[in-house]
Amino acid sequence: MQDATGQRLGEILVAQSWVHAEQVEEALELQKLRPRRVGELLLDLGYIEEESLLRALALQFHLDYEPEVRKQVESSLTTKVPISFIREYQMVPYKHTDAGYLVAINDPINLLPLDDLRLLLDGNVTPVLCSKEDIQFIIDTYFEQQSENAGELIDNIVLSGEDEGKVHSLDHSESERDLLDLANEAPIIKLINLVISGAVKERASDIHLEPFEHSVRVRYRIDGVLYEKFTVPRAQQAALVSRVKIMANLNIAEHRLPQDGRIKIRLSGKEIDIRVSIIPIAHGERVVMRILEKGSFLFSLTQLGMDERDHQIMDRLITASHGIILVTGPTGSGKSTTLYAALQQVNSPDKNIITVEDPIEYLIPGISQIQVRPKIGLTFAAGLRSILRQDPDIILVGEIRDMETAEMAVQASLTGHLVFATLHTNDSSGAITRLMNMGIEPFLVTSSTIAIQAQRLVRRICSSCKESYTPDAESLHELGVPLDDPRCKELMRGRGCEKCSERGYLGRSGIFELLAMSSRIQEMVLQGADSNAVKREARLEGMRTLREDGAQKVLRGETTVEEILRVTRDEALDSA
């Protein structure tokens with residue numbers, strides 16, 4: 001790479017002591033096999049950081065390098081240049097000066113589009129080098145600022161009336177484009193794009209479109225709690241639902257039966273899967289879209305929030321040669337995340353791991369995953385039966401729903417397989433009762449099950465607005481915290497800030513109740529003890545209940561008293 005003065009990039013990098021001459025030579029040799037720029041090859045080889053490369057390019061092309069461009073973006077520039085131009089050429093005007101406009105770029109070679117930008121802005125432009133990450137940040141911010149006013153967009157739809165009752169077809173090429181590139185489409189399409197992109201930006205797990213007599217309510221589930229965003233006139237309900245159906249390849253003419261589908265989109269360069277569920281209700285069709293961002297939520301066991309005792313027990317259990325490990329809790333309690341984390345930890349070339357799931361939420365390299373398809377007879381039980389012929393070491397059953405699946409899981413564990421599975425119960429001891437109610441004999445439950453973990457997800461206090469306060473004695477008593485504990489004199493809560501959208505919470509963590517099947521508990525189950533008696537014995541053996549585990553997180557300043565009481569309300573009802 002060479003500029004008008006003949007100075008080479010490699011020479012600048014060596015002169016600045018950012019790389020060694022031998023490393024540049026290696027990149028030049030590699031360039032003969034892989035026709036790419038020397039700077040890119042040095043980055044791939046790990047010999048240089050992007051910042052050093054950009055500083056060298058700035059010296060070579062006599063440009064400025066700006067490491068803090070994000071802090072200088074002027075929102076007034078966001079309406080002057082089409083988003084399609086910015087995304088195609090990766091050139092973003094971010095600041096107006098007396099001399100013209102500063103434009104963030106990452107590639108100093110391709111400067112021809114600056115001429116078009118000069119015409120669009122009607123002024124001089126000065127390119128400034130910055131990182132790809134910063135340019136992507138500005139693009140995302142640009143789109144958000146340009147489209148965030150849902151009220152104006154809805155008003156435009158109502159005033160124009162052009163989209164009422166209309167259905168917009170989805171071209172094949174459209175499904176391959178980034179959602180942000182579709183910003184200039186028809187108003188209904190723009191509104192659905194706004195709803196989806198807004199949900200992703202706010203880290204929502206679900207989008208709800210709910211029709212009522214005079215309006216359609218749009219809500220996001222963020223960190224487990226639903227928040228209303230805005231409402232749309234009822235007249236646009238049919239067009240909104242039809243657009244979602246088209247994106248999910250569903251039957252737009254069917255309004256009487258429930259439908260399920262899937263949408264695959266690209267947003268800011270990331271692939272996102274959306275599970276769509278549509279059901280008919282009194283005032284029309286209700287839509288729920290679950291957002292699954294590929295590869296973003298695969299945690300390790302150490303990141304889930306387990307305390308030291310539970311983590312050590314779980315580490316030991318997931319290396320067992322056989323048995324069933326059950327994870328229980330309501331929908332949305334993070335059961336799949338825990339099982340994926342466990343599978344990732346035991347995943348190795350000497351293990352044959354096969355799963356049967358509905359749906360497959362995240363693909364894990366090295367693991368064979370089966371999607372349940374009840375319409376063609378591929379149920380959990382049928383999939384599990386077939387898996388046993390595939391010489392597995394570890395099996396994951398997405399959910400035990402019936403006696404047939406439960407029996408297959410038990411038989412698999414008794415024949416030398418380690419089985420992970422989920423079950424819908426409120427607490428750990430209740431899973432034993434549930435299995436027996438399904439028809440599994442007590443001696444089979446005790447001989448196959450090695451551990452049951454109940455869990456919930458609780459919101460974490462936002463670190464940016466965390467503040468201390470003195471809690472009231474009544475809340476502490478309800479939580480079960482001794483009033484003489486010195487840690488409860490000053491607890492933490494979120495004040496609310498821009499980063500957490502004034503909610504005081506940002507992100508979630510797990511609280512856990514891990515019941516290991518000891519010989520004493522096995523004996524109690526065989527004697528017909530109820531779940532409460534089993535739970536009392538487990539606590540005597542060291543198990544912490546969900547509320548007790550949550551109380552420790554409150555005392556450590558990770559979450560609030562109110563959050564733990566909200567999430568473990570069913571535990572208090574059970575104990576009552």
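Q: Is Cys497 buried or exposed, and what is its relative accessible area?
A: This is a predicted model, in which local features need pLDDT of at least 70, side-chain atom pairs count only at pLDDT 80 or more, and totals for chains, interfaces and linings use all residues. Residues are numbered from 1 along each chain as its sequence is written, and side-chain values use heavy atoms, with hydrogens and water left out. Buried means under 20% relative accessible area, exposed over 50% and partly exposed in between, with a 1.4 Å probe and protein chains only. Cys497 is buried, at 14%.

Q: How many disulfides does the structure hold?
A: A disulfide is counted when two cysteine sulfur atoms lie within 2.5 Å. The structure holds zero.

Q: Which elements each supply at least two residues of the lining of the second largest cavity?
A: A cavity is a set of points on a 1 Å grid over the protein atoms alone where a 1.4 Å probe fits but cannot get out, and lining residues have an atom within 4 Å of a point. The lining comprises Ile324, Leu326, Ile400, Ala406, Val410, Leu435, Ile440 and Val445. Helices (H or I, at least four residues) and strands (E, at least two) are DSSP runs, numbered from the N terminus. The elements are β11 (323–328) and α15 (403–414).

Notes: 1 Å grid on protein atoms, 1.4 Å probe; cavity = no way out; pocket = protein on both sides within 12 Å on 5 of 7 lines; lining within 4 Å.
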